[in-house]
Amino acid sequence: MSRRPIVAGNWKMYKTTTEAVAFIDELAKLVGKDDDVAIYLAVPFTLIKPCSESAKGSSIVIGAQNMHDATEGAFTGEVAGSMLLDAGAKFVILGHSERRNIFKETNAFIHKKVQRALELKLHPILCIGETLEERNDEQTHSVLQEQLSECLKGASVDAINNNLTIAYEPVWAIGTGQVATPEMADDAHRFCRDWLRQNFNEDIAQNVRIIYGGSVNSSNCNGLFQKGDIDGALVGGASLQADKFYQIVESAKQRGSVV
Ligand code: PGA
C-alpha cells in the first residue's frame, strides 16, 4: 500500500450552482485524468449532484461537509449518509471545528457519524485539532488523543483500512491566515500515526492518510508537503478559486506517494 496525497477543498457555505459548475469545468480542464493526487471537493449539500455530474470523466471526487448518523427519521434540516451517496458524494467531512464550536457537536456524536459513514463506505475525513488555549497549555497531544479515541472507538481494522482520512486542523489556524509551521504540523501528524499504531496496527498506521488543514495556500503548502507524515491538505479559503486550488494540487504532486 502507498499513501497517495489528498488535496481536499472545503467550500463551506459558498457558491451557487452556476458558480460551482464553472469551477468544476475549469478545474477539470487543469486536472484531466491525472490521478497522482486525489482531488476532493466538499461542497454544500445542494451542490453535490450538479458537481458530481460536472466532475464525471475527471479525477475530481465530490463529497459533503457533514451528515447525520441516523439512517432516516424526524430530524428537520438534517441529511443522512445514504442520501449523500444517492446524490453522488463519495466522502464526508466529520467533526470539523466549525461543527464542534458553532453547532456544539461532541466527540460522542461525531463517533456515531464516523461509524455510520464507515458502514456505508462513505469515506470519512475525521477532523481533529486543538484550540490556541490548549496549545498554550501544552495539551495538544492529550486533546488529539481524546478526540481520536472517542471518535474512533470500536472501529474495526477492516473498516478503517483504506477508508478513513484524518485531518489535523489546529483550530487557531483555521481561516486566520496563521498556518502551523511544518514542524508543528509534523509533530501532531506523527503523534496521530503513533496513536494509530498503538491502537490498531502497523498497517493502519502506514495506510491511513493524515492531512493538514488551517490557512493552507499555494505559498505555504510546499513546506508542509515536505514532511513525510503530512499526506496532503484540507483547504478552505484557498479552495474557492480553481487556479489557486490547482496550484496546491501541483505542489502535492511533486511530493508524490509515500510507499
Ligand atoms: P482555511 O480552512 O483553509 O480557510 O483555514 C480550512 C478548513 O476549515 O478546513
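This is a predicted model: local features need pLDDT of at least 70, side-chain atom pairs count only at pLDDT 80 or more; totals for chains, interfaces and linings use all residues.
## Residues around the ligand

From Glu-169, a polar side-chain atom comes to 2.6 Å from a ligand oxygen. Gly-175 contributes a backbone N or O atom, which lies 2.6 Å from an oxygen atom of the ligand. At Ser-215, a polar backbone atom is 2.7 Å from a ligand oxygen. On its own the ligand has 280 Å² of accessible area, and the protein covers 94% of this.

## Cysteines and disulfides

A disulfide is a covalent bond that joins the sulfur atoms of two cysteines. Across the whole structure, the search finds zero disulfides.

Cys-127 illustrates the reason: the closest cysteine sulfur, in Cys-151, is 10 Å from the sulfur of Cys-127, which is too far for a bond, as a disulfide requires the two sulfur atoms to be within 2.5 Å. Cys-192 is likewise in no disulfide, and its nearest cysteine sulfur, again that of Cys-151, is 12 Å away.

Are these two cysteines buried or exposed? Cys-127 counts as buried because its relative accessibility is 2%, and Cys-192 counts as buried because its relative accessibility is 0%. The cut-off for this class is a relative accessible area under 20%.

Terms used: Residues are numbered from 1 along each chain as its sequence is written. Side-chain values use heavy atoms; hydrogens and water are left out. A polar contact is a pair of N or O atoms within 3.5 Å; within protein, one must be able to donate a hydrogen and the other to accept it, and residues adjacent in sequence count only if both atoms are side-chain atoms. Accessible areas come from the Shrake-Rupley method with a 1.4 Å probe; for residues, only the protein chains shown count as cover. Buried means under 20% relative accessible area, exposed over 50%, partly exposed in between (1.4 Å probe, protein chains only).
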